[in-house]
Amino acid sequence: MRLNLPYLKIHRKYDDFSSRKMNEVVREALDLSAQAPCYLEIANASQQCFLFLRDKQIYSAGRMEADQFLDTSIKEFFLTASQLQNPDAACYAVNNKILHSLLIMFQKKPSLTLLTSLVDLDEVFDKIEDERKSCIVCASQDAFVAVLRYEKGNVTALCHEASSPTPKERSFRDDFLVKIYTLSAERPFKITVYDDLLVKYAGDAKMIEESYTGDITDLYLSKPPMVTLYFKKKEIGHWVMDKPVFNIGRTADNDIPIDNLAVSRLHAVLEKEKGDVFIRDCDSLNGTQLNGRRVGRARLQDGDEIVIGKHTLKVQRQSGIEAVASHDVAPFDQTVIITPGQKPPMMQATQSPGAATGPRLVEYTDFGDNVIELNKPHMTMGKDATADIELDGFLVAKQHAEIVRENGNYVLRHINGMRKVSVGGKTVKECVLKDQDQIRIGKKEFVFQE
């Protein structure tokens with residue numbers, strides 16, 4: 001049975017949709033997302049695929065399977081949606097609260113699962129409000145889904161099919177309870193509570209430039225780049241760049257080993273980011289040259305030549321599309337059985353499998369919390385499109401600051417620009433970051449978490 005996710009209004013339905021119209025439909029959804037967030041649903045009688053969009057960019061994707069919300073790559077969305085038999089499509093308008101709530105449901109694992117027949121929802125809500133929790137409460141039964149949104153113990157929104165910005169009863173909580181208890185008279189609802197509210201872009205999200213006029217699906221379905229190694233113009237090896245970072249160096253533990261004394265142990269890395277590939281020198285003794293010029297970090301174009309020692313590397317895009325391997329998906333937590341009169345269990349925060357577990361920056365926004373994983377030894381912050389962490393604002397430099405992993409610590413350095421870099425309210429030029437340090441650069445604020 002198809003689930004009806006919350007929305008504000010239907011932008012457009014595509015009853016005659018087919019895979020040939022995928023690019024046209026996605027481009028229209030991207031244009032609509034410039035005014036307000038939206039999501040695109042492509043579905044048939046057995047499967048539902050969703051694409052979530054905001055600010056003319058594709059944020060993430062998901063699908064429904066056996067009443068489970070599953071987070072997927074954007075590539076998987078396009079492959080699955082294009083293979084559906086007799087599909088239809090629709091684009092739904094939402095606001096930031098609805099979009100954020102949906103992303104949590106698709107990206108996170110619930111901390112608590114209940115049945116309305118076995119628990120007093122008033123007691124659950126009283127506990128949330130007494131403890132001033134921020135969480136998402138989802139109620140589902142057959143095709144119906146309703147979401148009650150709590151922020152620091154206060155109900156801020158009720159999201160369901162054709163959501164209303166104002167409550168019909170005394171409060172959104174009363175609206176929710178009236179709806180759920182009315183519909184659960186014959187069959188109980190499943191209630192799931194999510195208290196991990198950090199959401200992030202899909203791992204294969206790409207920046208879609210205004211100037212790009214090609215097929216949107218080509219951005220996500222194209223095969224990964226091919227890296228070829230030459231010595232004296234003779235090809236001696238090639239690799240498919242099928243992961244975000246490729247290490248290049250003299251020792252055998254590198255992805256691309258080059259057995260030459262002019263090459264450092266870890267000489268350089270190839271990095272995939274937002275659809276582009278970058279070469280970054282790792283402070284090697286003899287340096288890395290791109291088209292005859294020594295570089296620190298640079299974006300690569302087809303035909304570029306990278307020289308490391310006496311060897312040459314070329315990175316080239318491959319034509320055609322790549323299939324996505326199927327994968328097993330872990331099921332939801334089993335339903336918690338609560339006997340009548342028993343108090344609901346404590347809602348302990350649980351780390352979801354997809355959540356960041358290493359050091360990270362968390363940027364708090366009106367839309368939600370943006371998690372930036374510090375998964376590289378050197379990350380740049382600035383206005384430049386190649387920066388790992390993009391900043392904006394007057395007097396912010398293209399390469400304004402950097403976060404470097406040194407001796408097991410993460411060090412923040414102010415390297416350019418007139419805007420101050422502050423940690424814990426104090427201006428710094430260099431600072432070893434500690435857990436929960438608050439970082440401010442221009443209008444951007446981050447919290448460092450270990």
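This is a predicted model: local features need pLDDT of at least 70, side-chain atom pairs count only at pLDDT 80 or more; totals for chains, interfaces and linings use all residues.
User: Thanks! How many bridges join β26 to β27, and are the strands parallel or antiparallel?

Analyst: Two bridges join them, and the strands run parallel. They sit in an open sheet of five strands, ordered β27-β26-β28-β29-β32, with mixed pairing. Its edge strands are β27 and β32 (430-432), and each of these pairs on one side only.

User: Let's go to the other sheet. What's the order of its six strands?

Analyst: The order is β1-β6-β2-β3-β4-β5, in an open sheet with antiparallel pairing. At the edges are β1 (9-14) and β5 (68-72), each pairing on one side only. Neighbouring strands of this sheet are turned by 25° against each other on average, direction ignored; axes are lines fitted to C-alpha atoms, for helices over the stretch in contact, and angles run from 0 to 180 degrees between N-to-C directions.

User: Which residues are bridge partners around Y39?

Analyst: Y39 stands opposite F52 in β3, and its partner in β6 is Y92. Strand β2 (residues 38-43) pairs with β3 (residues 48-54) over six bridges, in the antiparallel sense. β2 also pairs with β6 over six bridges, again antiparallel.

User: And on the β1 side of β6?

Analyst: Five bridges join β1 to β6, running antiparallel, and Y14 has A89 as its bridge partner in β6. Strand β6 (residues 88-93) is mostly covered, with five of its six residues buried. Buried means under 20% relative accessible area, exposed over 50%, and partly exposed in between, with a 1.4 Å probe and protein chains only.

User: Where does helix α2 lie?

Analyst: α2 (residues 74-82) lies across β2, β3, β4 (57-65) and β5, and runs at about 135° to β3.

User: OK, α3 next. Why call it largely enclosed?

Analyst: Ten of its twelve residues are buried, so the rest of the structure largely encloses α3. The buried residues include I98, L99, L102 and F106. Helix α3 (residues 96-107) reaches 16 Å from its first C-alpha to its last, close to the 16 Å expected at 1.5 Å a residue; the expected span is 1.5 Å times one less than the number of residues.

User: What's going on at the start of α3?

Analyst: A side-chain oxygen of N95 comes within 3.2 Å of the backbone nitrogen of K97.

User: Switching to charges: how many salt bridges are there?

Analyst: The count comes to 31 salt bridges, each being a side-chain nitrogen of Lys or Arg within 4 Å of a carboxyl oxygen of Asp or Glu. One of them joins E28 and R12, at 2.9 Å from N to O. E28 lies in helix α1 (residues 22-32) and R12 in β1, so the pair ties together parts 16 residues apart in sequence. Both ends are partly exposed: E28 has a relative accessible area of 24%, and R12 has 38%.

User: Which residue does R297 bridge to, and how far apart are the closest N and O atoms?

Analyst: R297 forms a salt bridge with D388, the closest N and O atoms being 3.7 Å apart. This pair links distant parts of the chain, 91 residues apart: R297 is in β21 (residues 297-299), and D388 is in the loop between β26 (378-382) and β27 (389-390). D388 counts as buried at 15%, whereas R297 is partly exposed at 24%.

User: Last one: is S264 buried or exposed?

Analyst: S264 is buried, with a relative accessible area of 16%. This serine is found in the loop between β16 (256-257) and β17 (268-273). Leaving aside neighbours within four places in sequence, S264 is in contact (heavy atoms within 4.5 Å) with G249, R250, S284 and L285.

Definitions and conventions. Residues are numbered from 1 along each chain as its sequence is written. Side-chain values use heavy atoms; hydrogens and water are left out. Two strands pair if DSSP finds at least two bridges between them. Helices (H or I, at least four residues) and strands (E, at least two) are DSSP runs, numbered from the N terminus. A polar contact is a pair of N or O atoms within 3.5 Å; within protein, one must be able to donate a hydrogen and the other to accept it, and residues adjacent in sequence count only if both atoms are side-chain atoms.
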